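Subject: Structure handover: pockets, cavity and helix packing

Hello,

Here is the structure I said I would pass on. Please load it first and read the notes below alongside it.

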Amino acid sequence: MTDAILSIRGLRKAYASGTEALKAVDLDIRRGEIFALLGPNGAGKTTLISIVCGIVTASGGEVLVDGKNWQSDYRHARQRIGLVPQELTTDAFESVLSTVSFSRGLYGKPRDPARIEDLLKRLSLWDKRKAKMMELSGGMKRRVMIAKALSHEPDILFLDEPSAGVDVELRRDMWDMVRKLRTDGVTIILTTHYIEEAEEMADRVGVISKGELIALEDKKVLMKKLGRKTLKLTLAEAMTTIPPELSDWNLALEDDGHILCYMFDANAEKTGVPSLLRRVSDLGIGFKDLSTHQSSLEDIFVGLVHDGGRGATT
């Protein structure tokens, strides 16, 4: 990839117990994109982030941060990367302003009160700058964690489960904030188990399961390639069983026999829908309504994890 700001090559992590948390993961992150890494609990999402951010030692492989090795050029890598961890760990008695300013100093950056003020204002934290961390709500604490991660002006921001413990309204605010960061030129990598988070924000989606990257695709392409549609016929009279004359379509009954369902590939040359409707009409089966439903990213994700992502990774 020509414009990868982060290149992960053959990254592995195995523990003394024999457990393989990561199995030779290859991944390129494009400069300026929002990339969502999806996976069930224990899939390896946090392990991957922790290795890239220098918190966990890899068993093998390498990471290039803008072309430089993250171990031999450790200082370069750390200055380019910001991390918002899943756990909210801050000094309860520190003020918001002190907490964020201190984080900037940790990376050897000179004091810059104007920049910190601008950062806090962008994150709607300026009015809370004198408040102690212990006085803040969970959503505000999450904003402070993002401010801490951005205090040294990184180009890459990792968000590990950014919406954990945040209510729906604050989650929407978080999404808006992440989009603004991308507009400012920050590359965003987020891990999440909230499917709607990835569907709402991400440019690309990776799916990780049991330490392996089983899908990697532009979000829209992935949904088009793997998404299926469901045709639902609301019947005039409920069915107890599906007539044998309809066995070619692999149908299912829902809502106590009031809805006849047919799942099909919308991209296929022949979907089977016209022939199904003709057969239903020939059999004298009446229906009151007809609707189609496009598979969501959640449907795709569940299917990928269930079948191991065969044929999905590009």
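Predicted model: local features only at pLDDT ≥ 70, side-chain atom pairs only at ≥ 80, totals over all residues.

Pockets

The largest pocket has a volume of about 260 Å³. Its lining consists of 13 residues, and those nearest the centre are Leu83, Pro85, Tyr107, Lys148 and Ala149. Two helices, H3 (96-106) and H5 (138-150), each supply at least two residues of that lining. H5 gives the most, with 3 residues. By class, the lining of the largest pocket has 8 nonpolar, 3 polar and 2 charged residues.

The second largest pocket comes to about 220 Å³. It is lined by 14 residues, with Arg115, Arg122, Leu150, Glu153 and Val186 lying nearest its centre. Here the most is given by helix H4 (residues 113-122), which contributes 5 residues. The lining of the second largest pocket divides into 6 nonpolar, 2 polar and 6 charged residues.

- Largest pocket: 8 nonpolar, 3 polar, 2 charged.
- Second largest pocket: 6 nonpolar, 2 polar, 6 charged.

Cavity

How many cavities of 30 Å³ or more does the structure hold? There is 1, and the volume of the largest cavity is about 50 Å³. The residues around it are Leu6, Ile8, Leu27, Ile29, Leu37, Leu48, Ile49, Val52, Phe158 and Ile189. Strand E1 (4-14), strand E2 (20-30) and helix H1 (45-52) are the elements that give two or more residues to this lining. The largest share comes from H1, with 3 residues. By class the lining of the largest cavity has 10 nonpolar residues, no polar and no charged ones.

Helix pairs

Two packed helices are described by the angle between their axes and the distance between the axes.

H3 and H4: the two helices pack at an angle of about 120°, and their axes are 11 Å apart. H3 and H4 are therefore oblique to each other. Their crossing is right-handed. On the H3 side the contact is made by Val96, Leu97, Val100, Ser101 and Arg104, and on the H4 side by Arg115, Ile116, Leu119 and Leu120. The residues of this contact divide into 6 nonpolar, 1 polar and 2 charged. Arg115 of H4 takes part in this contact and is also one of the residues nearest the centre of the second largest pocket.

H3 and H5: the axes come within 7 Å and cross at roughly 30°. Why do H3 and H5 count as roughly parallel? Angles under 35 degrees fall in that class, so H3 and H5 are roughly parallel to each other. The crossing of H3 and H5 is right-handed. H3 brings Val96, Thr99, Val100 and Ser103 to the contact, and H5 brings Val144, Ala147 and Lys148. These residues divide into 4 nonpolar, 2 polar and 1 charged. Lys148 of H5 belongs to this contact and is also among the residues nearest the centre of the largest pocket. Val96 and Val100 of H3 meet H5 and are also part of the contact of H3 with H4.

H5 and H6: H5 and helix H6 (residues 168-183) pack at an angle of about 15°, with 11 Å between their axes. That makes H5 roughly parallel to H6. H5 passes H6 in a right-handed crossing. Gly139, Arg142, Arg143, Ile146 and Leu150 in H5 meet Leu170, Asp173, Met174, Met177 and Leu181 in H6. The contact of H5 with H6 has 6 nonpolar, 1 polar and 3 charged residues. Leu150 of H5, which is in this contact, is also one of the residues nearest the centre of the second largest pocket.

Regards

Methods:
Residues numbered from 1 in each chain as written. Heavy atoms only, no water. 1 Å grid on protein atoms, 1.4 Å probe; cavity = no way out; pocket = protein on both sides within 12 Å on 5 of 7 lines; lining within 4 Å. Points joined across faces, edges and corners; volume = space filled by probe spheres on them. Helix = DSSP H or I, 4+ residues; strand = E, 2+ residues; numbered from the N terminus. Nonpolar A, V, L, I, M, F, W, Y, C, P; charged D, E, K, R; others polar. Axes fitted to C-alpha atoms, helices over the stretch in contact; angles between N-to-C directions. Parallel < 35°, antiparallel > 145°, perpendicular 65-115°, else oblique. Left-handed = near helix turned anticlockwise from the far one by under 90°. Contact = heavy atoms within 4.5 Å.
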